[in-house]
Amino acid sequence: MKLDEYAGFDAIGLAELVAVGQISATELAEVAIEAVGAVNSQINAVIETWDLEPTAFATAEEAGGPLAGVPFLVKDLGVTVAGRRNELGSRLTQGNTAASNSVLVERLIAAGLVPLGRTTTPEFAWSTLTESVLAGVTRNPWDLSRSPGGSSGGSAAIVAAGAVPMAHATDAAGSIRIPAASCGLFGLKPGRGRVSNGPALDQAVSGLAAQLGVSRSVRDSAALLDALCGPDAGAPVTIADANGQFLAATHQDPGRLRIALMLDGWGGSPTTSEVRQATSAVAALCENLAHHVELAAPELGVGWPEFVRESSVLWSANIATWIEDAATATGRPIDATTLEPQTLAVHRTGSALLAVDVIRAVDARNAVTRNIAPFFETYDVLLTPTLPDVAVPVGQYTASTDDLDGYLWTERLFTGSPFTAFANSAGLPAMTVPLSTDPVTGLPIGAQFVTRQGGEGLLLQLAAQLERAAPWADRHPPVWVGATA
């Protein structure tokens, strides 16, 4: 299969070719590795690819289902693949090898997906740009001077460039939605408890984190969610089994939805006129699809400075724990030889926290969860910009890291992404849909939709309806595998 032909298929399309014997999983993997090689030197999104045993491909084909035989990449954080390196984007954990598969990887393999390598992440995933001393700067295939976002920026950049149809991603403050919006992809963050983080990260970032992936089509993310969701014995939070409803949802009409439109982020972060216009155009598209749209915004239940501060407590406490555990395991020091300045700042903050500080932060998270919920009794969906601006230049957030602490670093990140983190605190499903481009730069602009707990199916119904009304499949960045053939 030629690269331009390969890049024209989404994951389900490739699985259909495998199912009828038109191509084997082994051959698809070879094409995918060739595709990564064709673009990765420009975007630096993939750390490494793996050679697999023939039995792995046979197992994938035998799995059946809508994703069987499809090549896949995993983020260098959030999951473990037995015998493969898991370095979390840090020199502190460089060379670390996983002893076993995480629950999510077991489910990926059971669905017939073929994990072929690792994508880049910022150090310990705590940045909305994907840059690290360990792996270098990951660049946006739409404009190499700009970031693909973070923390799942490696996955987003390589999918946007056409090398794989979808890739694993995590999201604890927007890390699926931010890079998906920056790279013109579809990105769904499941609600709390929908997809297991286990066994090692059951309470990932104190319940803020979720996992799924980024993709070029709605149906691919829906099929991935079907494959990964479901009960996990011993998990602290689990939503009832959806019984394969999510791919089916993409063929169902969402009905007439009550949509709230919010154009300005909390905390006074300005939204550019281009993004406001694009989001307003999405609202008009929703109205043309018979939905009711009106301006309305939920109250967080806490002030924005408190929201940022308490979020910084949860992040700092968790990252400090990861760092200290990693230092114990590796015997390496916690200093500038192993960690970046902003990570050291977060560690200093986290290691100085008291237990009461963390409990108060969890209480603030719960206050947001309780306060937001009634909003979705009045409205079915909240529509916002995913980001207040187009993709930012590389290096923008890691400049001037002197005198930082965990709070100031969180404030810096949340100022650049004021719309996403509340959905993590509230545990709500949220998605970004690539419906717009900036008329001046040509860069993608994502529209975020958030709904009530358990509403992933509704979001997928709406996303599929929007995809049919305003298709984006033929929109490709300058760095594109299909252009290298």
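Author: A disulfide here is a pair of cysteine sulfur atoms within 2.5 Å. The model is predicted, and by that rule the count comes to zero disulfides.

Reader: Why is C229 called buried?

Author: Buried means under 20% relative accessible area. C229 has 9%, so C229 is buried.

Reader: What makes C286 count as buried?

Author: The relative accessibility of C286 is 0%, which is under 20%, and C286 is therefore buried.

Reader: How many salt bridges are there?

Author: The count is 12.

Reader: Why is the contact of R219 and D10 called a salt bridge?

Author: The rule asks for a side-chain nitrogen of Lys or Arg within 4 Å of a carboxyl oxygen of Asp or Glu. For R219 and D10 the N to O distance is 2.7 Å, so the pair qualifies as a salt bridge. R219 belongs to helix α8 (residues 218–228), while D10 sits in the loop between α1 (3–7) and α2 (11–19); the two are 209 residues apart, and the pair links distant parts of the chain.

Reader: What makes R85 and E48 a salt bridge?

Author: The closest N and O atoms of R85 and E48 are 3.0 Å apart, which is within 4 Å, so the pair is a salt bridge. The pair links distant parts of the chain, 37 residues apart: R85 is in the loop between β2 (71–75) and α5 (103–110), and E48 is in strand β1 (residues 46–49).

Reader: Is R85 buried or partly exposed, and is E48 buried or partly exposed?

Author: R85 has a relative accessible area of 35%, between 20% and 50%, so R85 is partly exposed. E48 has 18%, which is under 20%, so E48 is buried.

Reader: How do you know that R452 and D380 form a salt bridge?

Author: Their closest N and O atoms are 3.3 Å apart, within the 4 Å limit, and the pair therefore counts. R452 lies in the loop between β13 (444–451) and α17 (456–469), D380 in the loop between α14 (375–378) and β11 (381–385), 72 residues apart.

Reader: Why is R452 called partly exposed, and why is D380 called buried?

Author: R452 has a relative accessible area of 28%, between 20% and 50%, so R452 is partly exposed. D380 has 11%, under 20%, so D380 is buried.

Reader: What lines the largest pocket?

Author: The pocket has a volume of about 710 Å³. Its lining has 35 residues, and T80, N86, L88, A200 and L201 lie nearest the centre. The largest share of the lining, six residues, comes from α11. By class, 18 lining residues are nonpolar, 15 polar and two charged.

Reader: Which residues lie nearest the centre of the second largest pocket?

Author: They are D10, R216, S217, E467 and A473, from a lining of 26 residues. α8 and α17 are the elements that give two or more residues to this lining, and α17 gives the most, with three. The volume of this second largest pocket is about 420 Å³.

Technical notes. Residues are numbered from 1 along each chain as its sequence is written. This is a predicted model: local features need pLDDT of at least 70, side-chain atom pairs count only at pLDDT 80 or more; totals for chains, interfaces and linings use all residues. Side-chain values use heavy atoms; hydrogens and water are left out. Buried means under 20% relative accessible area, exposed over 50%, partly exposed in between (1.4 Å probe, protein chains only). Helices (H or I, at least four residues) and strands (E, at least two) are DSSP runs, numbered from the N terminus. On a 1 Å grid over the protein atoms alone, a cavity is a set of points where a 1.4 Å probe fits but cannot get out, and a pocket is an open set with protein on both sides within 12 Å along at least five of seven lines; lining residues have an atom within 4 Å of a point. Grid points are joined across faces, edges and corners, and a volume is the space filled by probe spheres set on the points. Ala, Val, Leu, Ile, Met, Phe, Trp, Tyr, Cys and Pro count as nonpolar, Asp, Glu, Lys and Arg as charged, and the others, Gly among them, as polar.
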